[in-house]
Amino acid sequence: MNKIFFILAVTLLSSCNYSRMKKPLQLDEGVQKITSPDQITFKMVNESVIQPMCLSCHSEAGGNRGGLNLESFDNVFKNSHAIRLEVAGGTMPPRQKLSDQHIKLVTEWIDAGAH
């Protein structure tokens, strides 16, 4: 009986994969081959940085604890200057730091006009 309980407990605990904050996506080859900041799109920034790293605090579903909703392009675009300052300064996101590649992606996209 103890052996069955042990196997069941190990199986259940090892299959648990819950995390409050998603890890940022690895930048795929298409993003890594960018030769000009003009090639960076909102979709790239949104999928690799905003969705996995920002929306847990900056969305309606996240209770908008960050005080700034980043669920839409319009909201991100309107606040792009403040976002750039926070990301480049390393203050956002507060719990898990962005990689240098992700910081470069966000800052170069904003510097190129956040199109």
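**Salt bridges, helix packing and core of the predicted model**

Asp111 is exposed, with a relative accessibility of 51% (exposed means over 50% relative accessible area, buried under 20%, and partly exposed in between, with a 1.4 Å probe and protein chains only). The structure is a predicted model, in which local features need pLDDT of at least 70 and side-chain atom pairs count only at pLDDT 80 or more, while totals for chains, interfaces and linings use all residues. Residues are numbered from 1 along each chain as its sequence is written, and side-chain values use heavy atoms, with hydrogens and water left out.

Two salt bridges were found in a search of the whole structure (a side-chain nitrogen of Lys or Arg within 4 Å of a carboxyl oxygen of Asp or Glu). In one of them, the side chain of Asp111 meets that of Arg84 at 2.6 Å, N to O. This pair links distant parts of the chain, with Arg84 in helix H5 and Asp111 in helix H6, 27 residues apart (helices are DSSP runs of H or I with at least four residues, numbered from the N terminus). Arg84 counts as partly exposed at 26% relative accessibility. A salt bridge also joins the side chains of Lys104 and Glu108, at 4.0 Å, N to O. Both residues lie in helix H6, four residues apart, or about one turn of the helix. Lys104 is partly exposed at 48% relative accessibility, and Glu108 is partly exposed with a relative accessible area of 25%.

Helix H6 (residues 100-111) packs with helix H3 (residues 42-54) at an angle of about 150°, the axes being 10 Å apart (axes are lines fitted to C-alpha atoms over the stretch in contact, and angles run from 0 to 180 degrees between N-to-C directions). From H3, Phe42, Met44, Val45, Ser48 and Val49 meet His102, Leu105, Val106 and Trp109 of H6 (contact means heavy atoms within 4.5 Å). The residues of this contact comprise seven nonpolar, two polar and no charged.

The largest nonpolar core holds 18 residues, of which Val45, Ile50, Leu70, Val76, Ile83, Val106 and Trp109 touch the most other members (a nonpolar core is a set of buried Ala, Val, Leu, Ile, Met, Phe, Trp, Tyr and Cys residues joined through side-chain atoms within 4.5 Å). At least two residues of this core come from each of H3, H5 (80-88) and H6, and H3 gives the most, with six. Ile50 touches Phe42, Val45, Leu55, Leu70 and Val76, when residues up to four places away in sequence are not counted. In soluble globular proteins, nonpolar side chains tend to be buried together.

Technical notes. Nonpolar A, V, L, I, M, F, W, Y, C, P; charged D, E, K, R; others polar.
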